[in-house]
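Hi,

Here is the structure I said I would pass on.

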Amino acid sequence: MAKPEFHIFICTQHRPEGHPRGSCGARGADALYDAFAQVIIQNNLTTRVALTRTGCLGPCQGGANVLIYPGSQMYSWVEPEDAPVIIKHVLEGQVFADKATPAELW
C-alpha cells in the first residue's frame with residue numbers, strides 16, 4: 001500500500017444496549033464505513049486515502065464519529081450521505097463545518 005495523504009478513522013465501537021455512553025456502532029457506523037469505502041473506490045482515491053475502523057474515539061454522545069489526519073479533524077453525528085462531502089472537503093483542505101465536532105465535546 002502506498003503512503004496515504006489522508007487517513008480516515010471511523011469509530012465502529014459496539015457496546016451493549018443500554019450502556020450509558022452509547023456507541024457509534026449503534027448509530028450506524030458500519031453503514032458509514034461502507035459509504036466512505038464506496039466513495040474512496042468510486043473516486044479512485046485508494047492510493048491517497050486510507051480508511052480504518054477504530055474503537056472509541058471519545059465523544060460517544062456525538063456518534064457516529066470520524067477522525068481525519070493530517071489535521072486531527074473530528075466529525076460527529078456523521079451519516080452515510082455525508083461521506084462524499086467530507087471527502088471532498090478533505091481533498092480541498094477545508095473543514096466541513098456542518099459536522100465538525102464542537103470543542104466542548106472534543
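**What I found**

Trp77 is partly exposed, with a relative accessibility of 39%. Keep in mind throughout that this is a predicted model. Trp77 sits in the loop between strand 4 and helix 2, and its backbone is worth a look: phi is near 55°, a positive value in a residue other than glycine.

Ser76 belongs to that loop too, the one between strand 4 (73-75) and helix 2 (83-92). Ser76 is buried, with a relative accessible area of 0%. Leaving aside residues up to four places away in sequence, Ser76 touches Pro59, Gly62, Ala64, Asn65, Lys99 and Thr101. Thr101 is 25 residues from Ser76 along the chain, yet their C-alpha atoms are separated by 5.2 Å.

Asn44 is another non-glycine residue with a positive phi, about 55°. You'll find Asn44 in the loop between helix 1 and strand 2, and at 65% relative accessibility it counts as exposed.

Now for the cis peptide bonds. One runs from Gly63 to Ala64, with omega near 5°. Ala64, which is one of the residues touching Ser76, is in the loop between strand 2 (49-54) and strand 3. Another cis peptide bond joins Tyr69 and Pro70, where omega is about 0°. Pro70 has its place in the loop between strand 3 and strand 4.

Tyr69 comes up again when you look at the rings. The count of aromatic pairs comes to 1. Phe9 and Tyr69 make up that pair, edge-to-face, at 6.1 Å centre to centre and with 80° between the planes. The pair links distant parts of the chain, since Phe9 is in strand 1 and Tyr69 in strand 3 (residues 66-69), 60 residues apart. Tyr69 is partly exposed, with a relative accessible area of 36%.

There is also a charge over a ring: Arg53 lies over the face of Tyr33, 3.9 Å from the ring centre.

Last one: Arg15, in the loop between strand 1 (6-11) and helix 1 (29-42). Arg15 is buried yet has no salt bridge. Which side chain of opposite charge is nearest to Arg15? That is Glu17, but Glu17 is 13 Å away, whereas a salt bridge has to be within 4 Å. Not counting residues up to four places away in sequence, what Arg15 does touch is Arg21, Gly22, Ser23, Cys56 and Cys60.

Cheers

Conventions. Residues are numbered from 1 along each chain as its sequence is written. This is a predicted model: local features need pLDDT of at least 70, side-chain atom pairs count only at pLDDT 80 or more; totals for chains, interfaces and linings use all residues. Side-chain values use heavy atoms; hydrogens and water are left out. Helices (H or I, at least four residues) and strands (E, at least two) are DSSP runs, numbered from the N terminus. Buried means under 20% relative accessible area, exposed over 50%, partly exposed in between (1.4 Å probe, protein chains only). Lys and Arg count as positive and Asp and Glu as negative; His and the chain ends are not counted. Contact means heavy atoms within 4.5 Å. Rings of Phe, Tyr and Trp (its six-membered ring) pair if their centres lie within 6.5 Å; planes under 30 degrees apart count as stacked, over 60 as edge-to-face and the rest as tilted. A charge sits over a ring if NZ of Lys or CZ of Arg is within 6 Å of the ring centre and within 35 degrees of the ring normal.
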